[in-house]
Amino acid sequence: MQRDGVFLAADDEDKPPVHVCGPLEVIAGTHDGEGEDWGALLRWRDDDGRTHEWAMPRALLAGDCAEVRARLLRGGLFISTARRAREGLATYLMRSRPAARVRIVARLGWLETPAGRVFVLPRETIGFAGSEPVRLQTERPEVLPPVAAAGTLDDWRASVAAHSAGNSRLVLAVSAAFAAPLLGLIGAEGGGVHFRGASSKGKSAALVAAGSVWGGGGVRGWLQRWRATDNGLEALAAAHCDMLLTLDEMGEVDPRAVGAIAYMLANGSGKARAQRDGGGRRSAEWRVLFLSSGEVGIADKMAEAGTRLRAAAGMAVRVVDLPADAGAGIGVFEALHDAPDGRAFADRMKADAGRCYGTAGPEFLRRILADPGAAAAAVAEFRRVFLAAHVPKGADGQVARVAGRFAIIAAGGELARVLGILPWPESEAVWAAARCFVDWRRSRGGDGPAEFEAGIAQVRAFLERNAEGRFRLLGSDEAGETATGAERVYLAGFRRPAPSGDGTEFFILPETWKAEVATGFDAGALAREMVARGYLRADPGDGKPACRCSLPGRPKGARAYHILPAIFADG
């Protein structure tokens, strides 16, 4: 190592040494604390005098070191292209044995150390880790999120944060950015919120505003896209562990894969894979809160596959499908803060987020780590109070779990306000979370189990499509089946005006109920739930959901499902 860089002595003393690379220091040896993943912490300067550091895994030296050279070149280090120089670089990095030690981790986010809890970011570790500093070491630095800063915290507060106030979806999105690290602080599960609505309504602006809490820069800033392979999204999720992940434009993803991807993101674990020797390879793991946007919801996106794919209740809990339209006639927004219209407001929000970013999130962590125990206790208590105030009595457990997601998001916004990061008035984040929770419940159709809500919606849809064509009007001469070309349309049941004169009653034949109307659901459980809600008349004799009816062409005592008009009144 000389003033001009690293040199390799020539075999012949009469020949000059080979210039291997520019000045490159090996300042510490790295390890994972368990005797694995050894490496070296490298430091160098680029031509503009900026200092770069990289925790290099020594495993990258096993081959031709092309990845190592590429990483150093991207960081502005001069490297000779001569063969002996390339070999010399690998030898220099392998044989260097600095006395200092640094503990490395393979992912970002919270880490427990003997000295206490720290938070690992790509270029720094927030918190005190004791005698051995903690750094991130990765073989794929290109997938790391753009944790970078521009502008000051005051600039961000006066623009992005201040203009979010009064807008329930924007406040929710920004609060979610602060809530992301709280998941690990209190041991909560991951999951996401999907903003669903027509294009050009400001959904992307909400995601951009939220992402500016943690970083930005480049063309898209913090924003990522749904359009990626399963492996690519695994890498993205792992790289955003304990931070916010934003995914724009669900419409770009394969409808056959969207359900599995949503589960994977929320559950925090990638696919199990085999190594070359046939042994198991450790699956990627993460804990992430994500925001998503798209013109349709997950269930509708899955239906595009043209199969019988259906969004299960567990998915609806893990990824909250929230209407993006706030109901004020200006898309996602409710308060424009002197902007002439929604488009101008969205453009200003994106411009502000492109100018000021990456200061609020790290500062939030520093203030939390002043007393992480107190912060965790405050969030847990806040969550308890929110659930007590906003979960309807008798609501299904799925509704309570989604309320818990909104509660943590609200806690993120309120904690950031208390710690002096957000300039919002008191309870602004609570108002936004409660408003969005109500809108989600209204869009969902009720507070019962999602399986029943979806099943009842399917029954309504079947009746709406087939009321005239497949249900014979009692007392008429309509045929039991009709022929249209070569296709026969078979009788599904009977209909008649309700005795009250308000609406129509339907009698669905048992075979049709199981094979068509309730397909994909537990037909018996769905029928019992409809009886409980007053949508289906049970048999007065034995209480069974299918009651004995006197219907044309059916044996005496035959049963049918007697649907009441209330199914449409409540819908």
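This is a predicted model: local features need pLDDT of at least 70, side-chain atom pairs count only at pLDDT 80 or more; totals for chains, interfaces and linings use all residues.
1. The geometry of the pair may be described as follows. Helix H6 covers residues 203-211 and helix H11 covers residues 342-355. Their axes lie 9 Å apart, and the two helices pack at an angle of about 25°. Angles under 35 degrees count as roughly parallel, and H6 and H11 are therefore roughly parallel to each other. In passing H11, helix H6 makes a left-handed crossing.

2. Salt bridges form a second topic. The count in the model comes to 34. One of them joins the side chains of Arg225 and Glu252, with a distance of 2.6 Å from N to O. This pair links distant parts of the chain, as the two residues are 27 residues apart. Arg225 belongs to strand S12 (residues 224-225). Glu252 sits in the loop between strand S13 (244-248) and helix H8 (258-267).

3. The average pLDDT of the chain is 88, and 92% of the residues score at least 70. Over residues 276-280, however, the pLDDT is below 50, and this stretch has four contacts in the model beyond near neighbours in sequence. Residues 479-488 also have a pLDDT below 50. For that stretch, the model shows 11 contacts beyond near neighbours in sequence.

Notes. Residues are numbered from 1 along each chain as its sequence is written. Side-chain values use heavy atoms; hydrogens and water are left out. Axes are lines fitted to C-alpha atoms, for helices over the stretch in contact, and angles run from 0 to 180 degrees between N-to-C directions. Helices (H or I, at least four residues) and strands (E, at least two) are DSSP runs, numbered from the N terminus. Angles under 35 degrees count as roughly parallel, over 145 as roughly antiparallel, 65 to 115 as roughly perpendicular and the rest as oblique. A crossing is left-handed if the near helix is turned anticlockwise from the far one by less than a right angle, and right-handed if clockwise. pLDDT is the predictor's confidence in each residue, from 0 to 100. Contact means heavy atoms within 4.5 Å. A salt bridge is a side-chain nitrogen of Lys or Arg within 4 Å of a carboxyl oxygen of Asp or Glu.
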